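The following exercises, each with a worked solution, are meant to be read beside the sequence and the model.

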Amino acid sequence: ICPLQLEVIRRGVMLWTNPDDIVLSPFMGIGSEGYVALEMGRRFVGVELKASYWRQAVLNIQRLDDQLMADLLGVAT
């Protein structure tokens, strides 16, 4: 596994996309680009062939979704 640092991804997303744009990751891995894209108000499409990476990406993105929902509702996580 060789995930990109989230700060590097954030900089790229900030430079090359606008809110509500779609970020495509044809080699999604564990979903780092998707995590950051959704966190920054973008939409995300990812493709991953390796089942274990895909499962980890789903968990990572669900964790973000849970955190965003808790923040929206004012619930401590």
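**Exercise 1.** State which residues of α2 are buried and which elements they pack against.

*Solution.* Step 1: the buried residues of α2 are Ser32, Gly34, Tyr35, Val36 and Ala37, where buried means under 20% relative accessible area, exposed over 50% and partly exposed in between, with a 1.4 Å probe and protein chains only. Step 2: these buried residues pack against α1, β1, β2 (43-46) and α3, contact being heavy atoms within 4.5 Å. Helices (H or I, at least four residues) and strands (E, at least two) are DSSP runs numbered from the N terminus. Step 3: just after α2, glycine 41 has a positive phi of about 80°.

The model is predicted, so local features need pLDDT of at least 70 and side-chain atom pairs count only at pLDDT 80 or more, while totals for chains, interfaces and linings use all residues. Residues are numbered from 1 along each chain as its sequence is written, and side-chain values use heavy atoms, with hydrogens and water left out.

**Exercise 2.** Describe how α2 and α3 pack, giving the angle and the axis distance.

*Solution.* Step 1: helix α2 (residues 32-39) and helix α3 (residues 51-73) pack at about 20°, and their axes are 9 Å apart. Axes are lines fitted to C-alpha atoms, for helices over the stretch in contact, and angles run from 0 to 180 degrees between N-to-C directions. Step 2: α2 and α3 are therefore roughly parallel; this label applies under 35 degrees, with roughly antiparallel over 145, roughly perpendicular from 65 to 115, and oblique for the rest. Step 3: on the α2 side Gly34, Tyr35, Leu38 and Glu39 take part, and they meet Asn60, Ile61, Leu64 and Gln67 in α3. Step 4: sorted by class, the contact of α2 with α3 has four nonpolar, three polar and one charged. Here Ala, Val, Leu, Ile, Met, Phe, Trp, Tyr, Cys and Pro count as nonpolar, Asp, Glu, Lys and Arg as charged, and the others, Gly among them, as polar.

**Exercise 3.** Describe how α1 and α2 cross.

*Solution.* Step 1: the axes of α1 and α2 come within 9 Å, crossing at roughly 55°. Step 2: α1 and α2 are therefore oblique to each other. Step 3: Leu6, Ile9, Arg10 and Val13 of α1 make the contact with Ser32, Glu33, Val36 and Glu39 of α2. Step 4: four nonpolar, one polar and three charged residues form the contact of α1 with α2.

**Exercise 4.** Is threonine 17 buried or exposed, and what does its side chain contact?

*Solution.* Step 1: threonine 17 lies in the loop between α1 (6-16) and β1 (22-25). Step 2: its relative accessible area is 15%, so threonine 17 is buried. Step 3: the side chain of threonine 17 makes a polar contact with the side chain of arginine 42 at 2.8 Å. A polar contact is a pair of N or O atoms within 3.5 Å; within protein, one must be able to donate a hydrogen and the other to accept it, and residues adjacent in sequence count only if both atoms are side-chain atoms. Step 4: a polar atom of the threonine 17 side chain also lies 2.5 Å from the backbone oxygen of valine 13.

**Exercise 5.** Locate aspartate 20 and describe its phi.

*Solution.* Step 1: aspartate 20 is in the loop between α1 and β1. Step 2: although not a glycine, aspartate 20 has a positive phi of about 75°. Most residues other than glycine have a negative phi. Step 3: with 48% relative accessibility, aspartate 20 counts as partly exposed.
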